Amino acid sequence: MRQIDFISNEHQKRFEELIEKDRTSIGNNERRQLFYVIAGCDDLWKVKDKIYDFTNHELGMYDPRYLSSSLLNIYRRSLHLYNFHRKDIPTADLSGLDREHKKIAVNAMCIYFGIDTMPVSRNANLVNEKEKMRYEL
Amino acid sequence: MNYNCYVSEDHKNNFYELLSRDRTEPSDGETIQLLYTIAGNPTLWSHHDQIYNCEEHHIFRDYKPADQYAASSRLLKRALHLYNSSHKDISTYDLCRSLDGSNTLIVLNAMRLYMGCGLEDYFTK
C-alpha cells in the first residue's frame, strides 16, 4: 500500500486533481513527484497549466524567473527528477527552504524512488484513499 | 511497504557509535547525515576512520575512494557536499542510478536528517 504524506488537506486535494487530470500511471514516479511539488507550493499551483501541458502530457513553456530563489531551487530539483537532462541544483541550496517546503523536497524524492513517505506531520491525512481506489490497491 | 530508518541493526549501532564518539549536537544536521551515511554503507564503514575524525570533528581531505563510480563513492560525494557545500555535489540522477534498496534508503534518510525532518524517528535510545 502506498502512503503519501501531505503538508495539508489542500495539498492532497490538489495532488489528486493533477493526477486525475493527467491520468498519470502509478509507476510514473517522475511525473508524480512533479505534481506533488506543484500541488504543495502555492506559487507553482497558480501557474500549473503553464508548467505542465495536460493536453499533450508534457512540460509547458513556463518561465520561472519570477519565483523566489528558494522556490526556484525546489522547482529545478523537481524538473531534474522529471527529466535528468534538466540540470540539477546543488542539494545544499535546498537548506534555505522553510520547514514545509523542506518536507515537500524530501517527500518528492521519496515519491521519485517509489518508497512510502514517512509521516512527517502527525496531523496530516496520511493515506491517500482516492488514489488507492483509483489504482485498486 | 514499510519505511525503515536504518538498513540494518549494524547500521543503527554504527551510527550511534559515531555520534557518541563525535558528541554530535542534535541540531548539527550536516554532521549527522554524514555519520548516518558512513555508518550505513559497508564500504564506507570499513574506511570510516579515514573519512571522518570523530575526536577532532573534521573530515580527512585526503581520503580518495578506490572506485569513484561505486555506489559508496557516490553516496559519500553527496554526504560531503551536505556536510560542507564547498564540496561539489553529484547530480541526483547520477547519484541514484543503479542504487540498490539499502543505498537508496540511505540517500533518502540522509536528506531527511540534513533537512531536520522527523529527527526523533532515528533516536530511540
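Apart from its neighbours within four places in sequence, Leu35(B) is in contact with Phe15(B), Leu18(B), Leu19(B), Asp22(B) and Thr24(B). Contact here means that the C-beta atoms of two residues, placed from the backbone, lie within 7 Å. This is a predicted model, in which local features need pLDDT of at least 70, side-chain atom pairs count only at pLDDT 80 or more, and totals for chains, interfaces and linings use all residues. Residues are numbered from 1 along each chain as its sequence is written, while chains are lettered from A and ligands numbered from 1 in the order in which they are written.

Leu35(B) belongs to the largest nonpolar core, which has 59 residues. Val37(A), Ile38(A), Ala108(A) and Leu35(B) have the most contacts inside it. Such a core is a set of buried Ala, Val, Leu, Ile, Met, Phe, Trp, Tyr and Cys residues joined through C-beta atoms within 7 Å. A residue is buried if 20 or more other C-beta atoms lie within 10 Å of its own, exposed if 12 or fewer, and partly exposed in between, with C-beta atoms placed from the backbone. Among the elements that each supply at least two core residues are α1 (9-22) and α2 (29-40) of chain B. The largest share, nine residues, comes from α7(B).

Now chain B as a whole. Its pattern along the sequence is α-α-α-α-β-β-α-α-α. Helices (H or I, at least four residues) and strands (E, at least two) are DSSP runs, numbered from the N terminus. Buried residues make up 38% of its 125 residues. Of the contacts in chain B between residues at least 6 apart in sequence, 55% join residues at least 24 apart.

Where do the chains meet? In all, 18 residues of chain B are in contact with 17 residues of chain A. On the chain B side, α5, α6 (92-96) and α7 each supply at least two residues. α7(B) gives the most, with five.

Across in chain A, α5(A) has 14 residues and reaches 20 Å from its first C-alpha to its last. That is close to the 20 Å expected at 1.5 Å a residue, where the expected span is 1.5 Å times one less than the number of residues. Its buried residues include Asn73(A), Ile74(A), Tyr75(A) and Arg77(A). What covers the buried residues of α5(A) includes α6 of chain B.
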